[in-house]
Amino acid sequence: MTLAHYLPRPSDSTRGTVAEAMDAPGPQVWDDMTVEVALSVMASARTGHLIVCDEDGRCTSLVTLAQLTAFRDGCTYTDQVRLREVARDGGPFASPMTKMAEAQHIMCHRRLTAVPVLDEHGCAVGVLTRSR
């Protein structure tokens, strides 16, 4: 009798591209918005993240509710702090053609809950969330 060796099949969540799994980008705000206003926008939109854009409409980063709340509760916070001062890292970003396995690896490695998906011009076309 011959024993069969089975290789684990990759789960459906790691197949395909980001374009197949991304959600709509959701609220997009300018980088000169204050943290306080951004938190208000998040509450109104009932979302856990915002895409931050520069004056040309290109995505510069993504901020989460947890990130902004932690910053607001810190000792350096004032009500005049702008999103550009909080969201400095500028990435990572995904392309719609990025393989899901690669995107999930980056999200796990960097402990991210969401990653903006950008077109070739740097504009947000979606968001990949960890729940996907």
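So, glycine 57: in the hairpin of β2 and β3, with 5 residues between the strands, this glycine takes a positive phi near 85 degrees. Keep in mind that this is a predicted model, with local features needing pLDDT of at least 70 and side-chain atom pairs counting only at pLDDT 80 or more, while totals for chains, interfaces and linings use all residues. Numbering runs from 1 along each chain as its sequence is written, and side-chain values use heavy atoms, with hydrogens and water left out.

Helices (H or I, at least four residues) and strands (E, at least two) are DSSP runs, numbered from the N terminus. Pairing takes at least two DSSP bridges between two strands. β2 and β3 (residues 59–64) pair antiparallel over 5 bridges, with valine 52 opposite serine 61. On β1 (residues 28–30), the pairing with β2 is parallel, over 3 bridges, and glutamine 28 has isoleucine 51 as its bridge partner.

Now, is β2 mostly covered or mostly open? Covered: 5 of its 5 residues are buried, meaning under 20% relative accessible area with a 1.4 Å probe, protein chains only. His49, Ile51 and Cys53 are on one side, Leu50 and Val52 on the other.

Skipping neighbours within four places in sequence, valine 63 is in contact (heavy atoms within 4.5 Å) with Met42, Gly48, His49, Leu50, Val52, Leu68, Leu83 and Ala87.

Note on methods. Buried < 20%, exposed > 50% of the residue type's maximum accessible area, 1.4 Å probe, protein only.
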